[in-house]
Amino acid sequence: MTKHLFILNPSAGKGDALKYIPLIENYFNDLDHEFEIKITEYKGQATELAKDFSKKGFHRIYAVGGDGTVNEVLNGLIGSSSILGIIPCGTGNDFIKNITSSKKDILKNTIQGTIKEIDIGKINKNYYINISSIGLDSEVTYNARLFKGKKYIPSKLAYILSLLYTPFKFKPLKLDITIDDTNFSQESLLLTSSNGKCYGGGIYITPEADIFDGYLDICSIKKANFFRLMKYIPRALGGKLDGIPEVSYYKAKKSQ
């Protein structure tokens, strides 16, 4: 008998994850499947739950929340035979865009969906499923917290506001970069090591990335002056950074 575990982040999407509780219960009402619903109470608990329940034989574990919840659940089930399912209801929901553009019937379609193997990345001892990055973009994500949860600011707008706010405070990073066998140094605005295509609520920083191809897509952006940087923003939102002199793309098995 298949065992299902749903790990809900109650803060995701201003409480949207909690709306799935009755939907999950109704779905399994007439089915001979064991299921449990767990609501996280602190950061990192989703990893603990995924790890503990994997040991108990729970084969399908669903992250019900945003990309942060997905990442925590991923790190909890790594090394087990459990399968990751994603019910997106966070602020950005970026990783799921690599798989589907529709949330219609997402619960049923995920539970009944076809199981596929995908690539994942690893940085130090932690695994990631979408994009790892340093620089301006990381600061944008960090500063988005200043706008999230505000009464009159939609969740999806938080990243956009941070994208406009952060360049006023950010200073380029001096980096020594290794991408497979290529080494170089530069002052960087950002460097991504991408499994997926987009982050930050729909910014397609590596639009050619493929979660099935066995490679990471690297986006490297050199230092640029403030006004040139502000010119990039509309293009970044549209995933059209190619052709800009400061932007370089690479395919790689590893980067640092």
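The model is a predicted one, and I read the values below as computed from it.

Next I checked the partners of Lys 251. Its side chain meets that of Asp 217 in a salt bridge, 2.9 Å from N to O. Lys 251 belongs to strand S11 and Asp 217 to strand S10, so the contact ties together parts 34 residues apart in sequence.

I noted Asp 213 as partly exposed, with a relative accessible area of 26%. Through shared partners, the salt bridges join Asp 213, Asp 217 and Lys 251 into one network.

I then looked at how many salt bridges the model has; the count comes to six. Another of them pairs the side chains of Lys 38 and Glu 36, at 3.8 Å from N to O. I found Lys 38 partly exposed at a relative accessible area of 30%, and Glu 36 partly exposed at 28%.

Surface entry. Which residues make the nonpolar patch of about 300 Å²? I listed Ile 78, Ile 118, Ile 120 and Phe 212. Ile 78 is partly exposed, with a relative accessible area of 31%. Patch members need over 30%, so Ile 78, at 31%, passes that cut-off. I placed Ile 78 in the loop between helix H3 (67–77) and strand S4 (83–88).

Strand S4 is mostly covered, with five of its six residues buried. I traced its pairing with strand S3 (residues 60–65): the two run in the parallel sense and share six bridges. Gly 65 stands opposite Pro 88 in S4. The chain passes from S3 through H3 to S4, and I recorded this β-α-β crossover as right-handed.

How values were computed. Residues are numbered from 1 along each chain as its sequence is written. This is a predicted model: local features need pLDDT of at least 70, side-chain atom pairs count only at pLDDT 80 or more; totals for chains, interfaces and linings use all residues. Side-chain values use heavy atoms; hydrogens and water are left out. Patches are made of residues with over 30% relative accessible area and no salt bridge: like charges are joined within 9 Å, nonpolar side chains (Val, Leu, Ile, Met, Phe, Trp, Tyr) within 5 Å. Accessible areas come from the Shrake-Rupley method with a 1.4 Å probe; for residues, only the protein chains shown count as cover. A salt bridge is a side-chain nitrogen of Lys or Arg within 4 Å of a carboxyl oxygen of Asp or Glu. Helices (H or I, at least four residues) and strands (E, at least two) are DSSP runs, numbered from the N terminus. Buried means under 20% relative accessible area, exposed over 50%, partly exposed in between (1.4 Å probe, protein chains only). Two strands pair if DSSP finds at least two bridges between them. A crossover is right-handed if, with the strands pointing away from the viewer, the path from the first strand over the helix to the second runs clockwise.
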